[in-house]
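Here are some friendly notes to read alongside the model. Please keep the structure open and follow the points one by one.

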Amino acid sequence: MRITLMLCGPHASRLWSPLYHRVDAARDVARQTRTTVLVSGDIYNGRAVRHFAERLRVADVPTIEAFDPGGRTLTDAQAAIRAIRDRRDLEAVREILVVTDDWHAGRALTMLRGEATKIVANRPLAFVDASTSVGPRPPSEVLEGERRGILDYLAGKPYRPFGVPYGKPSHPNEANRNE
């Protein structure tokens, strides 16, 4: 069994201003592959997960929500893997089609694969890059931060911010002030 996993993306600004290219790409992948979409990743205390899940449901796409208040790609990956581990309707999942921005895919896939070996070590999961190239392109420092994030994760180093966050508040607590 396979599912589609969509990681909520950056917003048009540091305030609540959702962009829809990732969720629309996830919708298209899910329709083409006849899969359920697992929506994970949120810096807005679950608001983005609920918002994008509702957009998918309106489009008649089966949807599951996974949320962790950490507000980082790592905690988003952990929330998704825990949902796959804990939900009985996902016990047979072996392949995950991952929808994110292409510039974010390397770090997201690295963390998903790494966290899967920790959270569901006895269960083989294949993560397939189904990222989209539609959507805004981040500045070069964000791309450098993505590369550094992969190296830090693989080296077991803790998260360290690199420049101003792209399309989100600096910290999960700031998200509450923008509603």
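1. Let's begin in a loop: Arg 34 lies between α1 (21-33) and β2 (37-40). Helices (H or I, at least four residues) and strands (E, at least two) are DSSP runs, numbered from the N terminus. Arg 34 is not a glycine, yet its phi is positive, about 55°. With 79% relative accessibility, Arg 34 counts as exposed; that word means over 50% relative accessible area, while buried means under 20% and partly exposed in between (1.4 Å probe, protein chains only).

2. Before going further, a word on the source. This is a predicted model, in which local features need pLDDT of at least 70 and side-chain atom pairs count only at pLDDT 80 or more, while totals for chains, interfaces and linings use all residues. Residues are numbered from 1 along each chain as its sequence is written, and side-chain values use heavy atoms, with hydrogens and water left out.

3. Now visit another loop, between β2 and α2 (47-58), where you will find Asn 45. Asn 45 also is a residue other than glycine with a positive phi, near 50°. Its relative accessible area is 36%, which makes Asn 45 partly exposed.

4. For the overall picture, count six helices and five strands. From the N terminus on, they run β-α-β-α-β-α-β-α-β-α-α. The protein has 179 residues, and 51% of them count as buried.

5. Helix α5 (residues 140-154) deserves a careful look. Its 15 residues reach 22 Å from first C-alpha to last, close to the 21 Å expected at 1.5 Å a residue (the expected span is 1.5 Å times one less than the number of residues). Which residues of α5 are buried? They are Val 142, Gly 145, Glu 146, Gly 149, Asp 152 and Tyr 153. Seen down the axis of α5, these buried residues fall within an arc of 130°, so they line one face of the helix; the arc is that of the directions from the helix axis to the C-beta atoms. The face turned away from the buried side carries the exposed residues Ser 140, Leu 151 and Leu 154.

6. Finally, see what α5 packs against. Its buried residues pack against α3 (73-86) and α4 (102-119), where contact means heavy atoms within 4.5 Å. Among the residues that meet are Trp 103 and Met 111 in α4, and Leu 143 and Ile 150 in α5. After α5 comes Gly 156, with a positive phi near 75°.
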